[in-house]
Each structure stands twice: as C-alpha cells, then as structure tokens.
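I opened the notebook on the ligand site first.

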Amino acid sequence: MTNYTNFTVETDVDGIALVTWDMPGKSMNVITTDVMDELNAIIDQTVADNTVKGVVITSGKSSFSGGADLSMIKSMFSLYRDEKASSPDTAAQKLFDLVGRLTGLFRKLETCGKPWVSAINGTCMGGALEMSLACHGRVASNAKGVKIALPEVKVGIFPGAGGTQRVSRLADAQSALQMMTTGQSLTPARAKAMNLVHQVVEPDQLIPAAKQLIKDGLKPVAPWDEKGFKAPGGGIWTPAAAQLWPAAPAILRRETAGNYPGALAILKCVYEGLQVPFDTALKIEQRYFTEVLQTTEAFSMIRSLFVSMQELGKGARRPAGIPKTELKKVGVVGAGFMGASIAYVTAAAGIAVTLIDRDMEAAAKGKGVGEGLVKDSVGKGRLTQDEGAALLSRITPSADYSDLKDADLVIEAVFEDREVKRAVIEAVEAVLPEGAIFASNTSTLPISGLAKNSSRPVDFIGVHFFSPVEKMMLTEVILGKESGDKALAVALDYVAAIKKTPIVVNDTRGFFVNRCVFRYIHEAYDMLIEGVPPAMIENAAKMAGMPVGPLSLNDEVAIDLSQKILKATVADLGEAAVDPKHLALINRMVDDLDRRGRKNGKGFYDYPAKPAKKSLWPELKTFYPQQKADEIDVSVLIQRFLVTIALEAARTMEEGIVTDPREADVGSILGFGFAPYTGGVLSYIDGMGVNAFVELCEKLATSNGSHFKPTALLQEMAAKGETFYSRFNPYPGTKEAA
Ligand code: NAD
C-alpha cells in the first residue's frame, strides 16, 4: 500500500490498484493543488508499475467529492488581478495555463494506457465528475441521496475541465445542455439513462463491480479517441441538431435573460467543440473558461455564493469564547403559519420541540403541519417511514407554559401584536430557566422595544425566519440594544443546527431583508402609477435577474400586509414617511376591491382554479393612463429595480444595521433572490464601481425621483475610490481582493 496525504493506493492480487481519496481533516473531498499533484503522481506510479493492470478510484468518505475547491479559484482571481495591473497579457496567459492544469491532468489519466474506473460511492459534483468522465468506466452506488451533477453554472462558471466536451460526447446534446446550463442534480439512474455512468449497483457491490469491468477487459481508450467516433445523434450537422441549435440560445435567453456568461459559454463550448477533434475541443473550452473567469459575475458569485456563504454558515459572526450550545430542547410559542414550520425544521435537526399555542387543539394543528410535511418527504423518498416517525415524535404539542422549564431556547411566533407578545414574553420568562434564550420571530416590531417587556433583555434576541421556512435558507438574527453575546452565540448555534445560513443585523424597522424587499415593491408601485404596463414591470424585473416579479411577490406577501406596514409607518414616523400615491393605490386594492393577494385568490394577479395559471388582473391597466410599451426604455426599468434595492442595502451599511458586506450580499440572494449573477446587493455596486453607481443614482434621481439620490457614504467612497469590500473589509488585517 502506498500512502499519499490525500489518497491511499492498494493493489490486489489481480493487479487492480484501488485508489481511495480521503482528505484528512475535511468532511468532503475537494480538488486542491495538492490533490492534483498527488493524482498526477498516482497516474505515473500506476503506469510505471508493471504489476498494475488497471485502477479503481473511489472515496473514503460518505460522498465521493464536491469538486474543485472554490477557494482555490477565488485565490486565482487575486493573482490575476494583481498581475493584470502591470501586465494584462501575461495575466491572461497565466490564468489560461492555470485553468488548463486540471484539463491536462484528466486528459493524461484518460490517455495513460491503463483502464481507470471511477467507483462513485456518494455525491459526485463538478470537477470530481469531470475526473470520473475521464475514466474509462464509471459505476455508481444506488445508496440513498447520491447526486451526480455539474453545478458550476450556479456559481457563475461552467465545467471547464473537459466536462462540456465529455458530457456532450456521451449524452445527447439536448440532455447535456440542460444538465450543464441548469446545474441540475441527477440521480444515478438518470445519469445511467444519459449514458454518463455504465452501471448502478448496490453500495456493497460497488468496488467488486468496478474491478470486474477491468477484469472483463475494459479498453483504456475513450470512445472519442477511437477512429470514426461520432457524438450521440451524429453531432452538429444533422437534421436533429438543426432543430436543437437555433432554438438553444433563445431558450437560454428566456431562462437567464443573458445575465449568466457561464451558461452561454456552455452552449459555445459544446457547439464549437463537437465540430473539432477532442484535444482542440478541450482548448476551446479552456479559452472560454479563461474568459468567463475574468468576468465580474464569476468573481462575485464565487465570493458570495460559495466563500461567504460557507464562512457565515461556519459562524463567521459568532462571538468568540462562548462554548457551543448543544440544543436539547427548543420551545416554539405560537403554532400558526410560521411556528408550525419552525417546529418542523427544528425537529428535523434532531432537537426536541415543545410547540405551544393558546389551547391544545391549536398546538396539535401546528404539529399537523409537520405531519403533512413528513408525509410529503416520505412520499418523495427523502425520508424513510421510520425517520419521519422519529422526527414527529420530537414535536410535543402543549398549551402549558411550564413545559418550557427545561428549554435552552424559546422562539416566539404569536400574532404580530405588541400586547399579545408582551403577555407571551412574561408567561415564558416565568418558567424559562436562567441562562436560556428568548427569541422573537417578529417581522416588523423592533427587538429593542419588545425586549422592554423582558426581565432579562441580555438574553433576548430576534431570530427572523422567511416563509416557507422549510425551503428558505436564510435566517436573520437581530440584535436588540441589550442583546448579549451569549444570546447571539445560542441563536447562531441554533441556526447552524437547522442548517440555515445566518446574517446578523442590528435592530431597525424591517431589519435588512424586508427593507430591501419593500424598496423593490415600492418601485413597482411607482411604475404602475407612471402607467408602465404591468406585464412590462414584471418582465423587466425578471430581466434584471429577480426570480419573482414585484407584483407577484406583493401578492405572496399579501397586499393588506403592505397596507398595514404603510399605515404603521405613518403612525410611527408621520405622513411624510410614505408616498401618498402608494397608500392610495393599496387602499384601493384592499379597501375598495378586497384584492389582498394570493391568499384570497385576487391581487395584482387573478388566481383561477388549478390547473389554470395565474395571470395579471386585466383591470389593473385601467388604474392609470398607460404609456406605450415601445416608448419605454426597459433597460431603465431594470436599473431602477436593481439600484433602488442596492441603495437601500447601502443605507443599511451606512446606518450600521448591517456591518459585514458578506451578510448584505448573501442575505440579499438567499432572502429575496436578488439577481444572483451580481453576487448580491453590494457586489452589484462594487462590481460596476462605486463611482459608476453614484453616477447612475444621480441620473435616476433626476429622471425618477429623489429616492435615488446617492447617500453621503456612497459619495465619500466614490471620491476615495473605495469599495464596500475594502471599506468594510470582512478580513481585517488582510488585503481583500475587491
Ligand atoms: P399566525 O396567525 O399564522 O400564527 C400565530 C399563532 O399564534 C396562532 O396559532 C395563534 O393561535 C397563536 N397565538 C396567539 N396568541 C397566543 C398566545 N398568547 N399564546 C400562544 N399562542 C398564541 O401568524 P404567523 O404568520 O405565523 O406569524 C407569527 C409571527 O411570525 C408574527 O410575529 C409575524 O410577524 C412573524 N413572521 C411572519 C412571517 C410570514 O410570512 N407570515 C414571516 C416572518 C415572520
């Protein structure tokens, strides 16, 4: 047996070397420069060793591998940017060479002359799948939850280590494009149907089956290296391809509005690559990959959607020196829409939950929501019957506050009413043990105000969930004026336990996410009032990269909730705090027309009975004199949406509500889907440059209202040439590549 740092190599009596990838101190294998060096050495070693007839590569962990270490790619950006300043050509050449390293390594494996089989024992993603595709055989385990994917497009890049060329030479072009441009996960069965793996077997049969392929004489030659090879369907110059290719860019544009350079590059790589010999095709891919890596989108998406998200998930904002809390029991008070789902996700994380409501019937109804979710998951094969039953056994409905006497944390999700919340805070604190934490899920009431009802405001904090709780990955943790470090640490330990990503924000009306979301919705109100056709408003938002149009989103949130918030703002801050035209529009919708949104089947959209789809309410167009669609500059509508949200985020930084740019960026993408290709609200500003952003704000302020005026901080940053990531450097003491 030969031991490497990340691999072991053990050759059996049949001359088959088993290479086991098991990186020390990591929960998942990733491709780093060390891994590349060792894999290179293993190829040399097994080729040189005459006793070795073939190689099986597998993983020593439950998953196969997550693919390339994106931190490595992030550091490539820094190298590139530093070099570019002095010599742009050398910088691009260096990037090209770096990018080619993995491609070259996998090609070396593929052409080494001995058969390699990848034994995919668990989830296999990105670069690891590209490596497997370079092997001559692939066997996958049918163990539960094994996923096979090339998800690079989701972080702004694309499979650049041969993936676009091998997938499109194994699978039909349409399935290949679909898989890579969406980054979708495949089950092993689907991967086999696409011809990406040769066999799917029981987990205990994996290694024997992989070895058997070699014993059966697997040829160490890739199909595309055989004479006369033709891609499935015959390649580009066939009648079928003539159907597919003209439509492909249009379909991609419909899905992405041209916002994702990585997705478009996949189309180019496959289309161009299938027309040339394989090694030339790899070069084409390498060139496009180098080009995409130089885009702001790739840089910003990798930073926010990979690096920052991981850092926040690992507790970047957790106060040091407070031991980790192993939560044994959590209380949830209020078993309604939110509380029921909070109880479910908590129990799903293995924590016992006491779910309290005003009476047993209401509490049991809340548990019923969990029962429905479990049934759904069991039906979809995500949970076994036993796991589902165990999960539900952890939720105990109750109407008795004394059941909270041994809770570590209580989350309050009762009506959004100060008086109701005050009574609940008192009732809970009467039984809650010393040192346990009280968290409110309020969406509109400032935490510091609620904490005035608490006898221990140091242990009082906000933990703000988003609906639907089981799907939304973000949780806002809100610090009241007196919230202590322990409260923050426990809240973050809880959010980590339920596997969500936290952002920590200081107390303010609407916190971070809702402040931004309401700017988005209010811009749509402005557009409606100006007579922009409603369909154009919704489409412009989608073209901006927002997953849901603002009118559709307002229907989901409920229009009467918007009305309540506008009225509360007037009551608290005075008439001038809201636009009277907005209030008039919303009052008309709610008070005159009873159009409250999806919940009562009528809002900005009509909601006919299924399977019919919702459609914009035709009468909306009669509210205001309509402008002619072709006289409206849609690019300005797009800018207005992005800029109004980004400006609000900049204000939260200026006010000290959000203190770390990573949180604003990650929070904006996970909280309301802010155009992911930008890397989030502040990366959007940094990406174009604060100077350019300030100019854009000034232009929009002149044409579309003073709410676009750039703030003092932005002007100062523009004058100094700063970015958010340099001014609010999340890594103090180091130079941030901004
Ligand atoms: P809901 O009306 O569906 O549920 C509230 C529950 O609290 C009801 O089951 C009610 O019986 C119970 N309740 C009321 N008084 C109680 C008392 N004294 N003791 C015990 N239980 C009591 O409301 P919801 O939409 O789940 O909202 C709950 C909280 O979550 C609010 O503060 C809201 O602002 C916040 N929130 C809501 C959303 C959302 O999308 N709905 C999102 C984030 C946060």
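**Ligand shell**

I looked up what surrounds the ligand in this predicted model. The shell holds 22 residues, and the closest are Met338, Asp357, Glu416, Lys421 and Ser443.

I then sorted the shell by residue class. It divides into 11 nonpolar, 7 polar and 4 charged residues.

I went through the N and O atoms facing the ligand's oxygen atoms. Lys421 places a polar side-chain atom 2.6 Å from a ligand oxygen. In Ser443, a side-chain N or O atom sits 2.7 Å from an oxygen atom of the ligand. Val414 takes part through its backbone: an N or O atom there is 3.4 Å from a ligand oxygen.

How much of the ligand does the protein bury? I noted 830 Å² exposed for the ligand taken alone, of which the protein buries 78%.

**Helices at the site**

Which helices each supply at least two residues of the shell? I found α13, spanning 337-348, and α16, spanning 418-431. α16 gives the largest one, with 3 residues.

**Domains**

I turned to the domain assignment. It gives domain 1 as 2-294 and domain 2 as 329-508. Domain 3 is assigned in two segments, 512-557 and 628-738. I set the closest shell residues against these bounds: Met338, Asp357, Glu416, Lys421 and Ser443 carry numbers inside the 329-508 range of domain 2.

Last, I looked up the spacing of two domains. The centres of domain 1 and domain 2, taken over C-alpha atoms, are 43 Å apart.

Note on methods. Residues numbered from 1 in each chain as written. Predicted model: local features only at pLDDT ≥ 70, side-chain atom pairs only at ≥ 80, totals over all residues. Heavy atoms only, no water. Near = heavy atom within 4 Å. Polar contact = N/O pair within 3.5 Å; in protein donor to acceptor, adjacent residues only side chain to side chain. Areas by Shrake-Rupley, 256 points an atom, 1.4 Å probe, with all protein chains shown as cover. Helix = DSSP H or I, 4+ residues; strand = E, 2+ residues; numbered from the N terminus. Nonpolar A, V, L, I, M, F, W, Y, C, P; charged D, E, K, R; others polar. Domains from an automatic or database assignment.
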